[in-house]
Amino acid sequence: MNFRFLLCSILEIFISSFAYSQAGSLDSTFGNNGIVVSDFGDDASAYAIAIQPDDKIVIAGIIKTNLEQDFLVARYHSNGSIDMAFGNDGIVIQDMGGGYLGEQVAKVAIQADGKLVVSGGIKQFDGSFSYFWHIAILRLNTDGSLDNSFGDSGIIRTFINGEYHDAYVKASVIQPDQKILAAGYYANAYNVGGSDCFLIRYLQDGSIDSTFADNGVALITIDSFDNDQATSILIQPDGKIIIAATSGTYTDKVIALARVFKDGFIDTTFGSNGTVKALLPDSFYYESNYYDSKPVVLLPSGKIITGGTCYNGVITKIVLAQFNQDGSIDSSFGINGMTFSDPEDSSQFSSSILLQ
């Protein structure tokens, strides 16, 4: 049996997936000699991928038509052929209600019952010259149809603290009880005072879980007046929830973690009152944008690894940082708890971590 690694790459109007065999060569049984190119007829971009238990492949992203931008979900068989039984000949295009070029996808997750949860944000204008991002989540049945038992006919749109505040999902996971956790960044009206991380929990029907944190929402400040944003979620075996995050200004980023109890309230025994910051060397800062993912992984020992991409003004490097169970940096890992890729004159980027 081949081990397959899939990379979704978008170049304007096509989606390209690559499959590799265990030895690293292209898997000739997948698509056309290991490559699948899907032309959906418009400008399409994929930002998330998930593998179903039956090995079917789900990708999620956006598709642009004229001045509109909608959610896109497509499903493939394990051999790379499009699954024509899903949606409309293998794809679902859903208008989530965003304004001008105003919809973005961050993650796709698969529930235990096979339903698909696609999360991101929609952009809406305030009637003048400003716009605000709001949480947007779509749930599809296994055949790609809208799940009418979820939210408003399969769609959730959530404001945090009113419509003139930004909230954008960058990570989501399905809890063992099938509740949905989503995390990202939150900024108050017109982004005054920087941004914070948010963590929100929904019940299976799409309603906000009022028993979680403060009426369903936890706002977490890594550093006051800095640009904090959650980028990944990890649920520990004991139910505690870790978010990986970035913090700081664009030219002075730090790797950050926060941990909350299963009820959403901050775990003050972790790091410094529930949050951790790890400063990068002076020559690098932590790269951050809407579509970059900073994964977090729990080791069998209980230690925590997170990482992503950093930049020194010339090239980018992959960085990994390891933390102890209490949130302190693990000085036995790399140099002072961090390790960097070592490209000679080329840039490298990271968006995911898997343990062998």
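Mentor: Rings of Phe, Tyr and Trp count as a pair if their centres lie within 6.5 Å, and planes over 60 degrees apart make a pair edge-to-face. Keep in mind that this is a predicted model.

Trainee: How many aromatic pairs does this rule give?
Mentor: Ring pairs link W133, Y168 and Y185 into a cluster. By the rule, the count of aromatic pairs comes to two.

Trainee: Is the pair of W133 and Y168 stacked or edge-to-face?
Mentor: The ring centres of W133 and Y168 are 5.2 Å apart, and their planes stand at 85 degrees. Planes over 60 degrees apart fall in one class. So, by that cut-off, the pair of W133 and Y168 is edge-to-face.

Trainee: How many residues apart in sequence are the parts that this pair ties together?
Mentor: W133 is buried, with a relative accessible area of 5%, and Y168 is buried as well, at 1%. W133 belongs to strand β10 and Y168 to strand β12, so the pair ties together parts whose separation in sequence is 35 residues.

Trainee: Thanks! Now the salt bridges: which residue links K56 and R75 into a network?
Mentor: Side chains of opposite charge can pair when their charged atoms come close. K56 forms a salt bridge with D83, with the closest N and O atoms 3.1 Å apart. R75 also meets D83 in a salt bridge, at 2.8 Å from N to O. The residue that joins K56 and R75 in this network is D83.

Trainee: Is D83 buried or exposed?
Mentor: Buried means under 20% relative accessible area. D83 has a relative accessible area of 2%. Because that value is under the cut-off, D83 is buried.

Trainee: One more: in which strand does T275 lie?
Mentor: T275 is buried, with a relative accessible area of 13%. Among the residues T275 touches are I220, L257 and F270. The strand that holds T275 spans residues 275-279 and is β19.

Terms used. Residues are numbered from 1 along each chain as its sequence is written. This is a predicted model: local features need pLDDT of at least 70, side-chain atom pairs count only at pLDDT 80 or more; totals for chains, interfaces and linings use all residues. Side-chain values use heavy atoms; hydrogens and water are left out. Rings of Phe, Tyr and Trp (its six-membered ring) pair if their centres lie within 6.5 Å; planes under 30 degrees apart count as stacked, over 60 as edge-to-face and the rest as tilted. Helices (H or I, at least four residues) and strands (E, at least two) are DSSP runs, numbered from the N terminus. Buried means under 20% relative accessible area, exposed over 50%, partly exposed in between (1.4 Å probe, protein chains only). Contact means heavy atoms within 4.5 Å. A salt bridge is a side-chain nitrogen of Lys or Arg within 4 Å of a carboxyl oxygen of Asp or Glu. Lists of a residue's contacts leave out its neighbours within four places in sequence.
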